[in-house]
Amino acid sequence: MTTTVEPLTPRTRRNAELLLLLFAVGIVLVAWVTTDLNRNGTVPANILPVAGGFTVLVLIVHLVLRWKAAYADPVLLPITTVLNGLGLVMIHRLDLARGKLATDGDAYRQLIWTTLAVILCVAVLVLLRDHRLLRRYTFVSMAAALVLLLLPLVPGLGRSINGSQIWISIGPLNFQPGEFAKIALAIFFAGYLVQTRDVLSLAGKKILGFTFPRGRDLGPIVVAWALCVVVLVFQNDLGTSLLYFGLFVATLYVATERVSWIVIGLLLFAAAVAFALTAFAHFHTRVDLWLDPFSQQSLERSNQLANGLWGMASGGLTGTGLGAGRPYLTPFAESDFIFPSLGEELGLFGAVAILVLYLVFCERGVRTALGVRDGFGKLLAIGLSFSVAFQLFIVIGGVTRVIPLTGLTTPFLSLGGSSLLANWVIVALLLRISDQARRPMPEIPIGVAAAEPAPAEATQVVRLP
């Protein structure tokens, strides 16, 4: 009896991705048409160019994946398509309520930003053949993150919008460089911690049951994080500071597998909150609005949170229907409060469905981290996935009164070019890493290993004090 062993080649799942993409585009187009029917009683005149352009954009990414990353995760791109498309639909719906039509509307500008974001995503997939190449630029990424965060403080270049000095103006365009700084920091954290995680886990002194690493091992990464947070404090952007702090603690915990880092991180966070309450008046105001948004004093300051909560409550379980609600009564309904806008018109069921899409997106990122074979790719995939998940928690927690408002935007949904560009880059990086994770290992002919043994690797002995 002869037994034949044949290698099992995993399927690329590109056809499954194509079907999911067509379904995702269909959801977006039905939502777009429904909005105009409920609002004006007619099918939108621009449905054909919008449908054609949006479909072409996502199909271009799909074709590039077939060409350059055949084994990439088949679920990430369809989820991104649905979220980006629903954001466009809600921005278009708010344009209709405000009388902004065609090129005068925010939806038109958001569609242009979507096109640029897709082009940037394609460029990353084509030019970055292997995510491990980014490890060479560990400290360059740290320097790039600091430069990006310092740009809004440059006189004549930086611009303050809604009390936060986090924008730069280039001609008629406003750009938020901090969105790309989080990607650079994720690369730096992954590259540095993959080299030092053993030392961080083993070396150091034990104080009150916690093992603290040596200063020379943890020093560079703490300095980079502290400088970023200090810069953001001067920019009055505490929400992004919280995001970077969470990214730092999460990556450090995954690298060292020590629960003590989470405890230490929570203690440092509590100290930072106490300091912010006494040092920043606007943060104190946000806490007051969070504690009682419906009081007369709070409504005189800002009715944004109260209107958002009333809107979601009026939507009920099934929502008022796209185009049939009144989300335009809430200030910044197209950016900071786009989730309550969708929750009002799609109801609790629709809001939960959107959250499930984000949950699956982050789960696929974590699965990619578990499947990739190199430590740098694991930490980078975890960092990028966590940045999306934690940003979503900060935003949704703020608009639902779980935590105070921070002013961050909802990934893929909110109006804003810099956020959209950065998040599509995150998608491209996760797709590239997932291609390496799912790609089968090259076959080694039988007998080669025995006939030509590989040279022994040099072993370096590290003596810990």
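Modeller: Happy to. Helices here are DSSP runs of H or I with at least four residues, strands are E runs of at least two, and both are numbered from the N terminus. The expected span of a helix is 1.5 Å times one less than its number of residues. This is a predicted model, in which local features need pLDDT of at least 70 and side-chain atom pairs count at pLDDT 80 or more, while totals for chains, interfaces and linings use all residues. Numbering starts from 1 along each chain as its sequence is written, and side-chain values use heavy atoms, with hydrogens and water left out.

Let's look at helix 4. It runs over residues 106–127, 22 residues in total. From its first C-alpha to its last it reaches 31 Å, close to the 32 Å expected at 1.5 Å a residue.

Which of its residues are buried? Buried means under 20% relative accessible area, exposed means over 50%, and partly exposed lies in between, using a 1.4 Å probe and protein chains only. The buried residues of helix 4 are Asp106, Ala107, Gln110, Trp113, Thr114, Ala117, Val118, Cys121, Val122, Val124 and Leu125. An α-helix has 3.6 residues a turn, so residues three or four places apart point the same way. You can follow that idea along the list, for instance through Gln110, Trp113 and Ala117.

What do these residues pack against? Their partners are helix 2 (47–68), helix 3 (76–98), strand 3 (173–175) and helix 15 (417–438).

Past helix 4, look at Leu128, in the loop between helix 4 and helix 5. With 12% relative accessibility, Leu128 counts as buried. Contact means heavy atoms within 4.5 Å. Setting aside neighbours within four places in sequence, Leu128 is in contact with Ala123, Leu133, Leu134, Leu429 and Arg432. Arg432 is 304 residues away along the chain, yet the C-alpha atoms of Leu128 and Arg432 are separated by 7.9 Å.

Among contacts with a separation of 6 or more, 74% are between residues 24 or more positions apart. The protein has 16 helices and five strands, and 51% of its 465 residues are buried.

Now for the empty space. Rolling a probe the size of a water molecule over the atoms shows where empty space is left. On a 1 Å grid over the protein atoms alone, a cavity is a set of points where a 1.4 Å probe fits but cannot get out; a pocket is an open set with protein on both sides within 12 Å along at least five of seven lines, and lining residues have an atom within 4 Å of a point. Grid points are joined across faces, edges and corners, and a volume is the space filled by probe spheres set on the points.

The structure holds one cavity of 30 Å³ or more, and the largest cavity has a volume of about 110 Å³. Its lining has 17 residues, with Gln176, Gly178, Glu179, Thr240 and Tyr244 nearest the centre. Helix 5 (138–150), helix 6 (178–202) and helix 8 (238–256) each supply at least two of the lining residues. Ala, Val, Leu, Ile, Met, Phe, Trp, Tyr, Cys and Pro count as nonpolar, Asp, Glu, Lys and Arg as charged, and the others, Gly among them, as polar. By class, the lining of this cavity has nine nonpolar, five polar and three charged residues.

The second largest pocket has a volume of about 840 Å³. It is lined by 33 residues, and Leu242, Phe245, Phe269, Ala272 and Val273 are the closest to its centre. Two or more lining residues come from each of helix 7 (215–234), helix 8, helix 9 (260–279), helix 10 (281–291) and helix 14 (375–399). Helix 9 gives the most, with 10 residues. The lining of this pocket has 27 nonpolar, five polar and one charged residues.
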